[in-house]
Amino acid sequence: PVAVFNGAMPTGVTVSQSGRIFVNFPRWGDSVEYTVAEVRNGQTVAYPNSEINRPNPSDLSKAFVSVQSVVVDPRDRLWVLDTGSINFSPVQTGGAKLIGIDLKQNQVVKTIVFSPDVVLPTTYLNDVRFDLRRGKAGMAFITDSSDKGANGIIVVDLDSGKSWRRLNDHPSTKAVPNFLPSVEGIPIMNREPGKPPQPLKLGADGIAISADGTRLFYCPLASRHLYSVSVDALANPQLSDSQVAATVVDHGEKGGGSDGLESDAQNRIYLTNYEQNAIQRRLPNGMIERLVYDERILWPDTLSVAADGYLYFTANQLHRQARYHNGQDLRQKPYSLFRVRIDSQPVALH
């Protein structure tokens, strides 16, 4: 265990090259004092300050609305992925954005606001990865995991700020029809008072780029399949969506549903397995092994490989939320941030 959270539930985690840890708390209905925080001495502190963590109704591009993901890039800059959506409501104009922060100055250095033709009213910006070897300043790749509209991958040119959608509503980005995962022995469906149960419909969610930069791996949350697509194809705005789709590979089942993916320098892909309270690892030859299992890993969400040789991940009990239990919130605080060595033998956190 690295830290525990007794307030709002976290989703994302990332670790800088110097070991600074950042987390985020989306505004999903919990009382959220700040949506981005730095973990200092086991406590969370609003980052980079309290003011930017309060939505600015007069200009939503100037402050965080509801952050779903935080990621430190290879140049040790923190990027904040703001959904622009509170409690899964339609995206608010100017709210959906990608914000770059200089960790030395602790100041915002770049804000990319997404246009309505890229981030749709139904879009839910979920996770982001970076390849700084492309273009003048690198590119970002973001999953749209919406359960109400089109899914896909959003590509961002970090220099110009231009962005475009790829694999828009492609089958590989969609939830498997009637998908029924089981967590803690309980079948998970959307179960809201007065409404018939509905299967999970969350699409493209976890995302990771191979070490050589050639393939982008992704998976719908409501699926047990792992897919990849050519990064060259994604990054080329001149290609048609069908040309990009022609490069998609279905790598088959990965052993369980995943909320987060990550990669390391040895071209291994890490996968959360929320059905089995585990973190798995896909080797370059396609074999999948278990890295860690523990009953306390209740819905492992986001992964971050750090320079200290550990894999950091949040466990936020997402499956215990009221929306899955007829209005009854079964979450038990605290929520957890764990880490595990990535090159030790497979272990259990006993």
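**Exercise 1. Determine the strand order and the pairing in the open sheet that contains β6.**

*Solution.* In this predicted model, four strands make up an open sheet, arranged as β6-β7-β8-β9 with antiparallel pairing. The next step is to locate the edges: β6 and β9 (107-113) each pair on one side only, and they are therefore the edge strands of the sheet. From one strand to the next, the twist averages 20°.

The contact between β6 and β7 can then be examined. Strand β7 covers residues 77-82, runs antiparallel to β6 and is joined to β6 by five bridges. Within this pairing, valine 67 has aspartate 82 of β7 as its bridge partner.

**Exercise 2. Describe the largest pocket by its volume, and state which residues lie nearest its centre.**

*Solution.* Rolling a probe the size of a water molecule over the atoms shows where empty space is left. The largest pocket has a volume of about 760 Å³. Its lining consists of 32 residues, and those nearest the centre are Val72, Pro74, Glu262, Ser263 and Val305. Two or more lining residues come from each of the elements β2 (13-15), β6 (67-72), β10 (125-131), β20 (261-263) and β24 (300-305). Strand β24 gives the most, namely four residues. Sorted by class, the lining holds 16 nonpolar, eight polar and eight charged residues.

**Exercise 3. Carry out the corresponding description for the second largest pocket.**

*Solution.* The volume of the second largest pocket is about 410 Å³. This pocket is lined by 23 residues; Asp147, Asn190, Leu202, Arg323 and Tyr324 lie nearest its centre. By class, the lining comprises nine nonpolar, six polar and eight charged residues.

**Exercise 4. Classify the ring pair of phenylalanine 313 and phenylalanine 338, and state which strands it ties together.**

*Solution.* A pair of aromatic rings is described by the distance of the centres and the angle of the planes. Rings count as a pair if their centres lie within 6.5 Å, and the count for this model comes to ten aromatic pairs. For phenylalanine 313 and phenylalanine 338, the centres are 5.7 Å apart and the planes stand at 40°, so the pair is tilted. Phenylalanine 313 belongs to strand β25 (residues 310-315) and phenylalanine 338 to strand β26 (residues 335-341); the pair therefore ties together parts that are 25 residues apart in sequence. Both phenylalanine 313 and phenylalanine 338 are buried.

**Exercise 5. Which residues are linked into a cluster by ring pairs?**

*Solution.* The cluster formed through ring pairs links Phe5, Phe25 and Tyr34.

Methods
Residues numbered from 1 in each chain as written. Predicted model: local features only at pLDDT ≥ 70, side-chain atom pairs only at ≥ 80, totals over all residues. Heavy atoms only, no water. 1 Å grid on protein atoms, 1.4 Å probe; cavity = no way out; pocket = protein on both sides within 12 Å on 5 of 7 lines; lining within 4 Å. Points joined across faces, edges and corners; volume = space filled by probe spheres on them. Nonpolar A, V, L, I, M, F, W, Y, C, P; charged D, E, K, R; others polar. Pairing = 2+ DSSP bridges. Axes fitted to C-alpha atoms, helices over the stretch in contact; angles between N-to-C directions. Phe/Tyr/Trp six-rings, centres within 6.5 Å; stacked < 30°, edge-to-face > 60°. Buried < 20%, exposed > 50% of the residue type's maximum accessible area, 1.4 Å probe, protein only.
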